[in-house]
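Subject: Structure for you to look over

Hello,

Here is the structure we talked about. Please open it alongside this note, and then read on for what turned up.

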Amino acid sequence: MKTDAVRGHLDGLLLSVLESGPLHGYAIITAVSERSNGVLELRKGTIYPALNRLERLGLLRSVWESVGERRKRCYELTDAGRRTLAEERTGWREFTAAIGSVLEPAPAAGHAT
């Protein structure tokens, strides 16, 4: 799926995969891909600017961890990030319900389809 398809939903996707615990960038990309059965494929050039922005907003924090000789930056949700994730989920449910009611309207009472 094109990266454009997740525009407007990227923050919620990133916050959601970090809900269960800290992850580094590649693990975040992998988690989004696995949860979407490979439909959503994020690129490094897409997520790192978003992660940095979310950190500046106080929704994430990061720490550098050493794995052997490599260092990885791990991100985790803050309390503000958890609250924002809850708001993202509520907004998503409202959005999909509204779109669903337009794409698949309920039959009008008294009218056979």
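**What was found**

The largest nonpolar core has 21 residues. Leu-14, Leu-18, Ile-28, Leu-51 and Leu-60 have the most contacts inside it. A nonpolar core here is a set of buried Ala, Val, Leu, Ile, Met, Phe, Trp, Tyr and Cys residues joined through side-chain atoms within 4.5 Å. Buried means under 20% relative accessible area, exposed means over 50%, and partly exposed lies in between (1.4 Å probe, protein chains only). At least two residues of this core come from each of helix 1, helix 2, helix 3 and strand 3. Helices (H or I, at least four residues) and strands (E, at least two) are DSSP runs, numbered from the N terminus.

This is a predicted model: local features need pLDDT of at least 70, side-chain atom pairs count only at pLDDT 80 or more, and totals for chains, interfaces and linings use all residues. Residues are numbered from 1 along each chain as its sequence is written, and side-chain values use heavy atoms, with hydrogens and water left out.

**Around the core**

Leu-51 is in contact (heavy atoms within 4.5 Å) with Leu-14, Leu-18, Ile-28, Leu-60 and Tyr-75, leaving aside neighbours within four places in sequence. Helix 2 covers residues 25-35, and its buried residues are Gly-25, Ala-27, Ile-28, Ile-29, Ala-31 and Val-32. Their cover includes helix 1 (10-17), strand 1 (23-24), helix 3 (44-56) and strand 3 (70-77). Just after helix 2, Asn-37 takes a positive phi of about 55°.

Three strands make an open sheet in the order 1-3-2, with antiparallel pairing. Strand 1 and strand 2 (60-67) are at the edges with a single partner strand each, so one side of each has no neighbour in the sheet. Two strands pair if DSSP finds at least two bridges between them. Strand 1 pairs with strand 3 over 2 bridges. There, Leu-23 stands opposite Tyr-75, and His-24 stands opposite Cys-74. Strand 2 pairs with strand 3 over 8 bridges. Glu-65 stands opposite Lys-72 in strand 3. The hairpin of strand 2 and strand 3 has 2 residues between the strands, and Gly-68 takes a positive phi near 65° in it.

**Salt bridges**

The whole structure has 4 salt bridges. Each is a side-chain nitrogen of Lys or Arg within 4 Å of a carboxyl oxygen of Asp or Glu. Three of them are described here.

- Arg-53 and Asp-11 meet at 2.6 Å, N to O. Arg-53 is in helix 3 and Asp-11 in helix 1, so the pair ties together parts 42 residues apart in sequence.
- Arg-73 and Glu-55 have their closest N and O atoms 2.8 Å apart. The pair links strand 3 to helix 3, 18 residues apart.
- Arg-61 and Glu-76 meet at 3.0 Å, N to O. Arg-61 is in strand 2 and Glu-76 in strand 3, so this pair ties together parts 15 residues apart in sequence.

**On the surface**

Trp-92, Phe-95, Ile-99 and Leu-103 form a nonpolar patch with about 440 Å² of accessible area together. Areas come from the Shrake-Rupley method with a 1.4 Å probe; for residues, only the protein chains shown count as cover. Patches take residues with over 30% relative accessible area and no salt bridge, joining like charges within 9 Å and nonpolar side chains (Val, Leu, Ile, Met, Phe, Trp, Tyr) within 5 Å. Trp-92 is in helix 4 (residues 79-103). Trp-92 counts as partly exposed because its relative accessibility is 44%.

Best wishes
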